[in-house]
Amino acid sequence: MLVRDVLKVKGNEAVSVRPNTTIAALSRLLTERNLGVVVVSGENSQLAGIISERDIIRGLGNHEAKSAAMTADALMTRDVVTCRIEDSLDEVLELMNRRRVRHLPVMDGSKLGGFITMGDVLKYLWQEAKLEDTACQAYVAGVGYH
């Protein structure tokens with residue numbers, strides 16, 4: 001099972017904002033679109049960073065009310081951990097656990113190919129496990145034991 005398989009099911013949309021987007025505007029966008037993270041795109045739509053709910057909470061903790069007027073580039077994560085569209089879900093889950101991240105931009109070559117979350121990976125693996133369990137039960141029921 002590959003990252004590509006998950007993106008086929010969930011879609012490959014990756015919402016992005018400019019570095020000068022205010023945290024107040026960004027928070028509204030996250031709320032309206034029910035998102036946990038967005039890409040911060042610099043010049044030529046290059047990946048400059050990502051900003052998540054967690055980054056915004058840290059900003060509130062450090063800067064209090066002033067954080068609403070700050071911009072995405074002030075609070076974003078610059079050292080972005082990414083995965084590749086051809087990575088296995090086992091590799092991605094291990095990477096997320098090792099680097100302690102819940103959201104990964106997916107690179108398709110040099111382009112952003114979407115986003116994958118820990119929830120996406122776990123949901124996909126759980127659904128696959130259910131299908132395997134159902135297939136095993138049908139096989140056992142069909143073969144029978146005497």
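## Salt bridges, and what we're looking at

A salt bridge here is a side-chain nitrogen of Lys or Arg within 4 Å of a carboxyl oxygen of Asp or Glu. The model is predicted, so local features need pLDDT of at least 70 and side-chain atom pairs count only at pLDDT 80 or more, while totals for chains, interfaces and linings use all residues. Numbering runs from 1 along each chain as its sequence is written, and side-chain values use heavy atoms, with hydrogens and water left out.

Searching the whole structure turns up seven salt bridges.

## Asp-55 in helix α3

Asp-55 sits in helix α3 (residues 53–63); helices are DSSP runs of H or I with at least four residues, strands are E runs of at least two, and both are numbered from the N terminus. Its side chain pairs with Arg-58 in a salt bridge, 3.6 Å from N to O.

Is Asp-55 buried or exposed? Asp-55 is buried, because its relative accessibility is 7% (buried is under 20% relative accessible area, exposed over 50%, partly exposed in between; 1.4 Å probe, protein chains only). A polar atom of the Asp-55 side chain also lies 2.9 Å from the backbone nitrogen of Ser-52.

## Arg-33 and Glu-13

Another salt bridge joins Arg-33 and Glu-13, at 2.5 Å from N to O. This pair links distant parts of the chain, 20 residues apart: Arg-33 is in helix α2 (residues 23–33), and Glu-13 is in the loop between α1 (3–10) and β1 (16–17). Arg-33 is partly exposed at 39%, whereas Glu-13 is exposed at 56%.

Notes
A polar contact is a pair of N or O atoms within 3.5 Å; within protein, one must be able to donate a hydrogen and the other to accept it, and residues adjacent in sequence count only if both atoms are side-chain atoms.
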